[in-house]
Amino acid sequence: MFEMLVPRLRVNTVFDIDLEDLYRKGYRGIITDLDNTLVGAKAPLATPELLVWFDKVKQLGFKLVIVSNNNMDRVSKFATPLNIEFVHGARKPSNAPFHRAMKLMEIGPDSTIVVGDQMLTDVYGGNRLGLYTVLVLPISPKDEGFGTRINRRVERIALTRLRKQGLWHEEESKE
Ligand SMILES: [Mg+2]
């Protein structure tokens, strides 16, 4: 079970993802988390830098869907002005929201990337379906809610175990 928490790639922020490289490798769809992945958990709107990133994603030919465990109000206020499709109240790591997002994009699991800041929801959910998982550092950990704080504790326990087993390397994982 712990191996399923290991992402395929680790980066500091979404801006550090080599999108051109992933496109060349055949990936066409991005399922991204919202809170603490794209913006801080309490930041309602996209930053100018993120708008440029969304443009780049689109221009390269990727489809993108936001999949968030947060509620309709939060996710819709962020995504609707940007014309980005979303799945709210997702209950990640359950399979359903990932399937729903892939259906929206009309892209299969072999061509889908999952980006998120949590091993227990984003990475675990994505790995179980065989998606290419990318873990980012949380943008604003101090704004995390109670449930996420519990998840972080489990993450720390899992990290200790994974390091002991040699499954988690300190340098960024590369293909
Ligand atoms: Mg998150």
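This is a predicted model: local features need pLDDT of at least 70, side-chain atom pairs count only at pLDDT 80 or more; totals for chains, interfaces and linings use all residues.
**Notebook: E5, H5 and E6**

I started with the fold around H5: E5, H5 and E6 form a right-handed β-α-β unit. Right-handed here means that, with the strands pointing away from the viewer, the path from the first strand over the helix to the second runs clockwise. Helices (H or I, at least four residues) and strands (E, at least two) are DSSP runs numbered from the N terminus.

Residue numbers run from 1 along each chain as its sequence is written.

Next I checked E5. Five of its five residues are buried, so the strand is largely enclosed by the rest of the structure. Buried means 20 or more other C-beta atoms within 10 Å of a residue's own, with C-beta atoms placed from the backbone. Thr112, Val114 and Gly116 point one way, while Ile113 and Val115 point the other way.

Then I looked up the neighbours of E5. E2 (residues 29-32) pairs with E5 in the parallel sense over four bridges; pairing takes at least two DSSP bridges between the strands. Gly29 has Thr112 as its bridge partner. E5 and E6 are also parallel, over four bridges, with Val115 opposite Val134 in E6.

Last, H5 (residues 119-128): nine of its ten residues are buried, among them Met119, Tyr124 and Asn127. Just after H5, I found Gly130 with a positive phi of about 75°.

Note on methods. A residue is buried if 20 or more other C-beta atoms lie within 10 Å of its own, exposed if 12 or fewer, and partly exposed in between; C-beta atoms are placed from the backbone.
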